Amino acid sequence: KLPDTDISTLTVGQGKVFFGVVGQDVRINMLQRIGEKYGIEFTEQEKLRFSLIESFGVPVANLKEFIAMSGNDRNKLQQPGIPRDSTNNELNEWILQARYATKEIHNQDLRFSIKGDSNEEYPVIRDVIDILQSQKINKFSLITSLEGLDR
């Protein structure tokens, strides 16, 4: 059973990675930190709207536009996933800033889970694990979707 607090879920699907962190307070702090890192200033309204988004998969450059969308439009959007390549590893930065935010607000270490179905291509999950391990995170949960057998 996964904990209810101080947890981040990295969802892998169709070659993309989506990132989510439990806790509106942590999400606001994390967004502020990302803004400082990338030179983007977020309004209080944008911070509040972002705090209500449980999971996302857009590059930082598209974040303001994504936050401004209605929930319905965000759900319809084909999100490209968070960049994780060697020249633009935004996923590494999101993980790092989420860890700092959780430690600052809750004085706890952020725990991680990787969620993907058993058919997901291994290289993407390997990328996520490599990013976690580059930050000395060697303990995480793996979540796979369970499907019933057709009889």
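Modeller: First, the cut-off: rings of Phe, Tyr and Trp, with the six-membered ring used for Trp, pair if their centres lie within 6.5 Å. Planes under 30 degrees apart count as stacked, over 60 as edge-to-face, and the rest as tilted. Keep in mind that this is a predicted model. With that in hand, a search of the whole structure turns up 5 aromatic pairs.

One of them is Phe-19 with Trp-94, a tilted pair with 6.4 Å centre to centre and 40 degrees between the planes. Phe-19 belongs to strand 2 and Trp-94 to helix 5, so this pair ties together parts that are 75 residues apart in sequence. Both Phe-19 and Trp-94 are buried.

Trp-94 also pairs with Phe-50, and that pair is stacked: 6.1 Å centre to centre, with 20 degrees between the planes. Since Phe-50 lies in helix 2 and Trp-94 in helix 5, the pair ties together parts that are 44 residues apart in sequence. Phe-50 and Trp-94 are both buried.

Now for the surroundings. Helix 2 also holds Ser-51, which counts as buried because its relative accessibility is 1%. A polar atom of the Ser-51 side chain lies 2.6 Å from the backbone oxygen of Leu-48. Leaving out residues up to four places away in sequence, Ser-51 touches Gln-24, Arg-27 and Ile-28.

That takes us to helix 1, residues 24-38. At 1.5 Å a residue, its 15 residues should span 21 Å, and the end C-alpha atoms are 21 Å apart, which agrees. The buried residues of helix 1 are Val-26, Arg-27, Asn-29, Met-30, Leu-31, Arg-33, Ile-34 and Gly-35. As for the spacing in a list like that, an α-helix has 3.6 residues a turn, so residues three or four places apart point the same way.

What covers those buried residues? The cover includes strand 2 (16-21), helix 2 (44-51), helix 3 (63-68) and helix 5 (90-106). Just after helix 1, Gly-39 takes a positive phi of about 70 degrees.

Key: Residues numbered from 1 in each chain as written. Predicted model: local features only at pLDDT ≥ 70, side-chain atom pairs only at ≥ 80, totals over all residues. Heavy atoms only, no water. Helix = DSSP H or I, 4+ residues; strand = E, 2+ residues; numbered from the N terminus. Expected span 1.5 Å × (residues − 1). Buried < 20%, exposed > 50% of the residue type's maximum accessible area, 1.4 Å probe, protein only. Contact = heavy atoms within 4.5 Å. Polar contact = N/O pair within 3.5 Å; in protein donor to acceptor, adjacent residues only side chain to side chain.
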